[in-house]
Structures are given as structure tokens and as C-alpha cells.
Amino acid sequence: MAKKKRALITGISGQDGSYLAELLFDKGYDVYGLLRRTSAGPPPYIEDLHLAKKLSYVYGNVRDLSTVRMVMEEVRPDEVYNLAAQSHVWVSFKVPDETWDTNYYGVGRVVNEAMRVNKDVRIYQASTSEMFGATLPPQNERSPFAPVSPYAESKLKAHEEFIVGYREKYGLFAASGILFNHESPRRGKHFVTRKITHSLAKIKLGLQEKLLLGNLEAKRDWGYAGDYVEVMRLILQQQKPHDYVIATGETRTVRDFVDAAATALDMHITWKGKGKSEVGRDTGGKVIIAVDPEFYRPHEVHQLLGDARKARRELGWKPKVSFDQLVEMMVKSDYDALKHQTS
Ligand code: G4F
């Protein structure tokens, strides 16, 4: 019988970590997660996977070399999925040091220690469409990078040095997915999509008055996280390591997302005004959406729209869940959970 592959996922407690752990377990892997200890404990879906013996987790932090070393020696992974990151762009302007330590030096710690215990290890790095920053869409693997935040700069440096660089210098199987925004009911509430679905569900149930947002004009290419984790595994099963843009090929504004979420809740919003003065009113004329410049970024990425033809051609990958299905899934999950809590 073939030996079971051992996969280590860093950043296991994030949205992607949980979906990927489920997928790898179903594909027959022994799955390990590097988990940062917090007083709140692991999120429920990670605890459930652990209790079902689908996932073993080891406490550690990519910011701490000794724990990275220990976990690599203990797990000796065949495949490493490096998802750990300070992943919030707005926050990266507030905590640039922490962002660099996790997103750049952390990648170095993971890659170097993984190679040390297994020179044939395969490494997936969560690279990001934010690296394109100011580059006009559509963006693909040949587009120039032009990062505009500490988050994107740290991610790009890690991508160039430890993924592309180590592949060329040491022949390491290091590959990346340059993922455009991907969302789900497990998305953190400080990202705009989940903030919108959770707040609108609360407004619908009379639990919140108003939703405050930043830039309503920003355009993003939003896909479903469950579709995107499939490609992470596929990337590591190729003969050679490469980098792939992963996206839906459709772009929408933040305002479009609000409208789609409202529609899924049988609400209708009428917009009035521009910039900081723009508001969204419900059918009764009450202002339920307003702009708070607190959520503006010092430097915004205005438009992301990915061209994922390489992934389609070489990996046979394409997204399955449409934008409307994604929004509906997120809204329904928030609405049902809130309704359950309040009944
Ligand atoms: O949901 P966001 O915070 O995601 P952002 O900045 O695009 O980054 C996400 O996707 C990247 C992939 O492209 C990942 F690399 C990254 O780790 C993260 O997962 O913001 C989306 C857009 C931005 O333009 C932002 O300015 O929404 C705009 N926005 C408007 N109001 C807001 C808000 N963003 C947040 N978080 N909160 C607001 O109130």
C-alpha cells in the first residue's frame, strides 16, 4: 500500500486552512495544522475536524523559528501549504513590522526548515493579487507587480525570494497561487464581504441600525474559497512548480456586493450622494448604509480582475460557484445563525 502523504498547513485557523484541511483529509492525506495559541482557542470548524480525527494540530507560530523547526521535525511533511499571514491589507498599514515578520520572514522560516528536514518537500505559498496593486486589469502571470501596501510588499518579497528564487537557486519544488479575493461563510468579519453579509442580516432582523463602509467604488474579483483550495493541492501535484493566477474573471464594486447581499435578503437599497456623503436607504427611506472614512486605506488598490487562463489550461481548474451563489450562501449562513441565536 502506498504511504499516506503528510501535509502541513500553516494558518490553519483561517478560512482557507479549514477548507483545505477537509479537502486533503478526503484525498487521503494525514493532515497537520500549525495553530497559533490564543485564549479563545481554535475556531469551531477546526476543533470539529480535530475531534473527528481528520486533523492533528501542533501549537506554533511562523514568527517563532524554534516552533517552526520543532513542527517540521515532528511532522516531516511531504507537502507544506503556507497560508499563515497577517492577511488584512488595512491593518498592514497600522502594523507593518508584524506584517513583514509574518508575511516575509515567516515564509523564510517555513521554507528553510521544511527543506532542511526533507529536500524533496513540495511547498505551496499563498501569494496574492494584491501584489499587482496599481497594475491595470486584467492581471495574469505576465503582468507587472506594483504593490501599494505593506501587506502586498511583504507578500511580493517573499514570493520573489523564497518561491521563485529558491526554485531557481536550489531546485526546490516551491510554487504559488496568486489568488484573487475568495470568500465564504467562514470569512472573518473584518473583510468587506462578510462585514456586509453579517451586518445586512442583522439590519434585516432589527439587530443593527446602520452599516458603515469605506470605499464603495473599489472593484474586486470575488470567488468562493472552497473552489480556490482545490487549486492549491493541484498546484503541488504538477510535474514542475509554477505560479498560477486564480480568479473568476469577473469584477464588481463593493456597492455591487451590497446590492447583491440586499437582494438575497429581499431588501432594496437606493443610493444617493457621492464619496464620503454617499448613503444607501431602505424602501422606507431610512439610511442603512453610510461611508466612514476611517475605513479608507492610505493607498487603495482600485481594480482587480484576474485572467486565470493558465490555471484552466494546465490544471483544468475553473470556479464552480458563481458570484450570486456565493453572496447568497454567505447571507443565508449569517441570517440563519443570527435567527437561531435570537429565537
Ligand atoms: O475585503 P477586503 O478587506 O479585502 P482586500 O483588501 O481586497 O484583501 C483580501 O484579498 C486579497 C486578495 O486580493 C488578499 F490577499 C488579502 O489577504 C485579503 O484576503 O477589502 C476589499 C475592498 C477594498 O478595496 C477596501 O478598501 O473593500 C474595500 N472596503 C470598503 N469598505 C472595505 C470596507 N474593506 C474592509 N475590510 N472594510 C470596509 O469597511
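In this predicted model, 24 residues surround the ligand, and Thr128, Ser129, Tyr151, Arg297 and Glu300 are the closest, where a residue counts as near if one of its heavy atoms lies within 4 Å. Local features need pLDDT of at least 70 and side-chain atom pairs count only at pLDDT 80 or more, while totals for chains, interfaces and linings use all residues. Residues are numbered from 1 along each chain as its sequence is written, and side-chain values use heavy atoms, with hydrogens and water left out.

**Ligand surroundings**
- The shell around the ligand has ten nonpolar, eight polar and six charged residues, with Gly counted as polar.
- Domain 1 (6-184 + 222-250 + 307-315) and domain 2 (192-218 + 253-299 + 323-342) both give residues to this shell, so the ligand lies between them; the bounds come from an automatic or database domain assignment.

**Polar contacts (pairs of N or O atoms within 3.5 Å)**
- An oxygen atom of the ligand lies 2.6 Å from a polar side-chain atom of Glu300, and a ligand oxygen atom is 2.8 Å from an N or O atom in the side chain of Arg187.
- A polar backbone atom of Gly214 is 2.8 Å from a nitrogen atom of the ligand.
- The ligand taken alone exposes 710 Å², of which the protein buries 96% (Shrake-Rupley method, 1.4 Å probe).

**Helix H7 (a DSSP run of H or I, at least four residues)**
- Ten of the 13 residues of H7 are buried, so the helix is largely enclosed by the rest of the structure; buried means under 20% relative accessible area with a 1.4 Å probe, protein chains only.
- Among the buried residues of H7 are Arg194, Lys195 and His198.

Notes
A polar contact is a pair of N or O atoms within 3.5 Å; within protein, one must be able to donate a hydrogen and the other to accept it, and residues adjacent in sequence count only if both atoms are side-chain atoms. Buried means under 20% relative accessible area, exposed over 50%, partly exposed in between (1.4 Å probe, protein chains only). Helices (H or I, at least four residues) and strands (E, at least two) are DSSP runs, numbered from the N terminus.
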